[in-house]
Structure formats: structure tokens, C-alpha cells
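Hello,

Here is the structure I promised to pass on to you. Please open it alongside this email, and my notes will follow below.

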Amino acid sequence: MAQKCAIGLISALAASASLAQSKVASADGPFNLSGFSTSANPQQQPPSQTQKPPSTAGEESSAPPRARNDNPRTSSGGFDPEALERGAKALKEINKSSYAKKVFESIKQQEETKQTEFATKAQEFKAMQAQAETERHKVIYDEQKKLAQHQAQTKSQMARYEDDLARKRMQAENEFHRARNQELVKMQEDSAIRQEQARRATEEQIQAQRRQTEREKAEIERETIRVKAIAEAEGRAHEARLAEDVNRRMLVDRANAEREKWVAAINTTFDHIGGGLRAILTDQNKLVVAVGGVTALAAGIYTTREGARVIWSYVDRILGQPSLIRESSRGKYPWSGSLSRVMSTLRGKEPASKSGQGFGDVILHPPLQRRIEHLANATANTKLHQAPFRNVLFYGPPGTGKTMAARELARKSGLDYALMTGGDVAPLGSQAVTKIHQLFDWGKKSKRGLLLFIDEADAFLCERNKTYMSEAQRSALNALLFRTGDQSKDIVLALATNRPGDLDSAVADRVDEVLEFPLPGEEERFKLLNLYLEKYIAEAGPKKPSLFDRLFKKEQQKIEIKGVTEELLKEAAAKTEGFSGREIAKLMASVQAAVYGSEDCVLDSVLFREVVEYKVAEHQQRRKLAGTDSK
């Protein structure tokens, strides 16, 4: 503490000396503060610069030894007594000066300023110390956090390592158990195979012994039967030889008796005939009566036959079916349809118009089938509400089901059905107009309504400006146009043609619905093959024969189907691209004929493929010929 006060006092003296030298040197010349200058002894430094802050015991023990003092005017601690003497001398001079008070006040202010600076530096040092402490705590926290993270990471790595070790250990154990189980299974399989081989060998040996025993037994039985048959044959031959003479005599006697009886009957008959002829020829009256009776009988028979024919033709023309109709759901006469419906009712069968909702043998594209069903429902509702019917046109390649679809349309709509062809009109000549009017008059008599289907309509409904069209055909077309000029509530006109462009424009104007019947697709061909396979193959064969069939007809064989699977039918459906429904039906009929031509009446996959390939080649050849003819 004393050392610090001395240092402060020396500093104050040095400051006052410099101040006095600068301000009052001119007034007070005797003042000379050169003794306070540190330049007189350049080796000496203020104690504030030479002293170091106190250190700990460890630092003192590790500090280097002090330097040797070569200046004899200073102490070993670096203190200069001359500076103190100069200070004291300067202090005396100051006391004698008139500016002593100002010097002391200046020294005091300087001291206070230094104290303030020291206090500020102390606060800054404390703040720096606090900041250093905070930084130290922060560094410690970061180190602790890093240490904790490192420890956690180390623990996680240890856990993963232990888990990997456990997994590897379990995998090794599983592999060991799997290998052991495989060895056990293989040993068991080997043992089972050896046992099975031993069992098979034993069974084969037993079977061989059994077959040998059966062969020996069969040989013995055959020998016994042969000996027995020989003995029986010898006995029958001996009996036959004994009875042969008796039978011959009995047959000769019976034949003689029959001959005598027939000869007597013939003689008696000719005697009666001869006597009658002699009586008629000898008596003229009897001859005239006999000839007149025979002539009258012949005339009566001829007159009755011709009269019945004339009356029946009149009845047939008035009540019968028109001659243009090829097929109809109505009977030929009004009472025949009622009789057929009564018979079907007695047999427990529903009429065709009320049975089922499907299309039977008709397989069409789904959109076309839905449209026909919609048209059938619309036609049924039209008839129910007494509204006029709509005429339809079916067109498409031959054999695509137009006629069958028209029949099903009539059945599902509850109408009667009648079919005619356009080719039947031309041969009628001048009678065609009359037959057309009779046909429409007959159709109006139907209480249920009639669907009149005209197949091959382009045969007489073609354009009227054709040069080859006769006057009779043109008149028949005009008659049909006259009868279909207005919407009818009794007749639905359905036309079918392969060439819709050839129809007369007036006929096309009378058509309300146009339906196209394309060739069947692969799915439809598959369904048709299934249908006709069931119809021509599976259901073909012996039915319940009658007594006449049993006596005079050969028994029919049932076809056996082997290896004809759905995959084979799908393959055939893919190969028959371009086939119509009629061609597929003919294909299955050819399959049926090939089966009946075989020896064992069996349909297998080889025979089926052979017929399909043959019909496909025939279809392609026919198309080539048609293309050549068209060119």
C-alpha cells in the first residue's frame, strides 16, 4: 500500500513539475523540474511499469530467478532514491511558489480523475470477468451437452451393435436349425422312399403270384368248360339225329295239309266267280243292271271328289292361310291354332309367347340384343295402348340371325308371326296384287296382332326404275305401298335384306327402325359353338323308341364326347373369324356327320380340330372364289 502511495505521489510531482514548467517558467525562473524526468536515468522505469500483479504460489515457484543489479544507485528491487530526493526538492520549491494551491488542486483533480478511471476500469474488469464467467459456463454447458450427445450416440451404437450381434446369433441358430430340419426331412423322405419301394416290391410280388394263380384258375375253368361243351354238343347232336326223322315227317305232313286247304279254297272261289259271271252273261237284264250300277258308282265318286275339292278350295280361300305365307305361328285355319294351344295347355307347356325371357337359339351382339328387347317391349306396350305399330328393317350378311330375331321379336312382344319371301311374288305374275291384298286382309284378322316378316325383301321391293322389273312386280310393289301407306294398328312390317341400298325409296320411307346384324364376334362365336355342340352332339342320340322303331329300325348310338373343352372351343372360335351363325351351325353339323362316320361314335379333340380346319379352309376358298367372281 505504501508503495502504491509513493508511486502516486511521484506521478503527481512529475505532473506538477511539467505544468509549472509550461505555465510559470517565465515568471518563476528558479523552478526547474528536470530532476523528475525519467530521461536522466534511462535504465530506470516507473515502479508501475516494472511491477507485476501478484501471482499464486505455484506461479512463484515456477518463476525464473531475478536478474542481477548492476546499477549501484538503485536497490535490488529497482527503487531509485535519487528520484525521491528530487521529488522532495521539487515539493519544497512548490511550497515556496505562489502557485502551490493551484498545483495541489490540479494534482487533486488529476487524482480524482485517475480514481474515476480506475473505478471505471474496475467495473469494466468486473464486467469482463462476468462475461468471461458466462462464456466459461457456456463452454462448460456446450462441452457437457456434447459429452451427453456423444454418450447417447455411443449407447445407441452399442445397442445397435448388440442388436446386430443378437440378430446374427439368431440367424445363425435359425440356419443351423433349418439345416438340421432339412437333414431330418431328407432322412425321413429317404426312409419313406425306401419303405414305399419295399411296399411296392411286396405288392408287385403279391400281384404277380395272384395273377399266376388266376391264370392257372382260368386255364382250369376253360378246360372244364371246353370238356363240358364238347359233352353237351355231342349229346345235342345225338338228340338231333334221333329227332331229325320225326321232325321231317311232321313238316311234310303239315305242308301237305296246308297245300290241300289252299287249293280247295281257291277252287271254291273261282267256282263262285265263274257261276256269277255265267249268270250275268246269260241274263241280259242282270247285265244291264250291273253295268249301270258300276257306271253310277264311278260317276258318284268323281262328282263327290270334285265337289269336295271345289268347296274346300273356297273354304281355304276364305278361311285358310294365304299361299304366300311360308311359316306362321297361327294355324292354317282359325280353329287349328286354338287346338294347338289347347293341346299344349293339356301337356303342361306354356305358349311360346310367354315362355322365358331369353332369346333361345338367337345369339347376337349385346347392344343389338338390348335394342331388340327394347323394341319388343315398346311393341308390346304399343299393342296394349292401341297405338300404331312401327315398321322395322333388318339388314346384314346372310346367316346372321335376322329371321330368328324377327321370330323372337314377335314372341316377346306377344304378336302372331308370319314369314314370306320376296322371291315368291314374281312367279305369281298378275295374281301377285290379289295375293298381296289377301295377305294383308288375313293379317288384319289376327286378334293379337301380326308381325309380317318379308325375307329377301329386295327381290320385289327394289327401285321401280329398274329396267328388268316387270309390270306385275311393279304392281305388286304398288299394292304393298298402298297397304302400308298409313301406320297400322294390326300389322308390324319387318323387312330383311342383304342389300338395303336396292330398296325403293318409298319402301325405305315406311321403315321406322333400322337394325344392322353384323357377323358374330369371337365371344358370340364361342357361345354359338357351345349352343350347337349341345344341340347336335350332346343331345343327339337315342330317344325313347316306339314299338315300330324297336322292330324295324336300327338302334341309334349316343355320341361320346372326349377332350372337347372350353379351351378347344375358344380356339375354334378364334379360328372361325368371319363365319356367320349359319356357317357355325353347318360346322357343328359337319362335326356330327364326321362322328357318325367314325367306327366308335366318339368325338375327341383330334377329330374336332380336323373338321374345324377343313371348314375354315373351305370358308377361305369360298371367299376367294366370291372375290374372283366379283372382279
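To start with a question: is Glu-583 buried or exposed? Glu-583 is buried, with a relative accessible area of 18% (buried means under 20% relative accessible area, exposed over 50%, and partly exposed in between, using a 1.4 Å probe and protein chains only).

Before the rest, a word on the source: this is a predicted model, where local features need pLDDT of at least 70, side-chain atom pairs count only at pLDDT 80 or more, and totals for chains, interfaces and linings use all residues. Residues are numbered from 1 along each chain as its sequence is written, and side-chain values use heavy atoms, with hydrogens and water left out.

Salt bridges

Glu-583 forms a salt bridge with Arg-622, and their closest N and O atoms are 2.8 Å apart (a salt bridge is a side-chain nitrogen of Lys or Arg within 4 Å of a carboxyl oxygen of Asp or Glu). This pair links distant parts of the chain, with Glu-583 in helix 16 and Arg-622 in helix 17 (residues 605-630), 39 residues apart. Helices (H or I, at least four residues) and strands (E, at least two) are DSSP runs, numbered from the N terminus. Arg-622 is partly exposed, at 39%.

The whole structure holds 28 salt bridges. Among them is the one between Lys-527 and Glu-523, at 3.9 Å from N to O. Both residues lie in helix 13, 4 residues apart, or about one turn of the helix. Lys-527 is partly exposed at 41% relative accessibility, while Glu-523 is exposed at 52%.

A buried charge

Asp-455, in strand 4 (residues 450-455), is buried yet has no salt bridge. The nearest side chain of opposite charge belongs to Lys-402, 6.2 Å away (Lys and Arg count as positive and Asp and Glu as negative; His and the chain ends are not counted).

Best wishes
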